[in-house]
Amino acid sequence: MTSGVILAGLGLAVVGFAGRYVVRYGKVASEALLKQIPISGNNKYYKGGFEQKMSKREASLVLGVSPSATKTKIKDAHKRIMLANHPDRGGSPYIAAKINEAKDILDKP
């Protein structure tokens with residue numbers, strides 16, 4: 001019985017020292033690991049703000065369709081994105097305006 005208590009106490013001491021080590025040196029180790037991992041620039045999301053005058057390419061990026069998409073695909077993409085970003089549902093009025101502008105640009109013949 002006493003040997004079990006002693007073993008439990010030693011186990012708790014080991015866990016305590018290991019936790020202390022992780023807290024002290026974990027940040028340094030994680031930074032070193034992050035430096036070794038290559039960060040790829042192949043992200044499918046568009047990084048950057050909006051252009052002054054929206055181009056056909058930017059409009060297709062906003063709606064997530066190809067620049068030569070059909071009117072039905074443009075309409076479906078616009079509806080899907082506006083359901084998620086409508087100002088009446090907590091979305092940004094600016095983003096909603098950009099989505100509508102993108103639809104208008106791609107709908108032009």
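The questions below ask how the descriptions of this predicted model follow from their definitions.

In this predicted model, local features need pLDDT of at least 70, side-chain atom pairs count only at pLDDT 80 or more, and totals for chains, interfaces and linings use all residues. Residues are numbered from 1 along each chain as its sequence is written, and side-chain values use heavy atoms, with hydrogens and water left out.

Q: What is the mean pLDDT of the chain, and which elements have the lowest and the highest mean pLDDT?
A: The pLDDT is the predictor's confidence in each residue, from 0 to 100. On that scale the chain has a mean of 83, and 86% of its residues reach 70 or more. Among the elements, helix 1 (residues 2-36) has the lowest mean, 78, whereas helix 3 (residues 71-85) has the highest, 94.

Q: What makes the elements of the chain α-α-α-α?
A: Helices (H or I, at least four residues) and strands (E, at least two) are DSSP runs, numbered from the N terminus. By this definition the chain has four helices and zero strands, and the order from the N terminus on is therefore written α-α-α-α.

Q: What makes the pair of glutamate 101 and lysine 98 a salt bridge?
A: A salt bridge is a side-chain nitrogen of Lys or Arg within 4 Å of a carboxyl oxygen of Asp or Glu. The closest N and O atoms of glutamate 101 and lysine 98 are 3.4 Å apart, and the pair therefore meets the rule. Because they are three residues apart in helix 4, glutamate 101 and lysine 98 are separated by about one helical turn. In general, side chains of opposite charge can pair when their charged atoms come close.

Q: How many salt bridges does this rule give, and which residue forms a salt bridge with lysine 103?
A: The count comes to two salt bridges. Lysine 103 forms a salt bridge with aspartate 107, with the closest N and O atoms 3.4 Å apart. Both residues lie in helix 4, four residues apart, which is about one turn of the helix. Lysine 103 has a relative accessible area of 23%, so lysine 103 is partly exposed, and aspartate 107, at 22% relative accessibility, therefore counts as partly exposed as well.

Q: Which residues of helix 2 are buried, and what do they pack against?
A: In helix 2 (residues 56-63), Glu58, Ala59, Ser60 and Leu63 are buried. These buried residues pack against helix 3 and helix 4 (93-107), where contact means heavy atoms within 4.5 Å. Leaving aside residues up to four places away in sequence, alanine 59 touches Met54, Ala102, Ile105 and Leu106. After helix 2 comes glycine 64, whose phi is positive, near 75 degrees.

Q: Which residues touch the most other members of the largest nonpolar core?
A: A nonpolar core is a set of buried Ala, Val, Leu, Ile, Met, Phe, Trp, Tyr and Cys residues joined through side-chain atoms within 4.5 Å. Of the 14 residues in the largest such core, Ala59, Leu63, Val65, Ile74 and Leu106 touch the most other members. Helix 2, helix 3 and helix 4 are the elements that give two or more residues to this core, and helix 4 gives the most, with five residues. In soluble globular proteins, nonpolar side chains tend to be buried together.

Note on methods: Buried means under 20% relative accessible area, exposed over 50%, partly exposed in between (1.4 Å probe, protein chains only).
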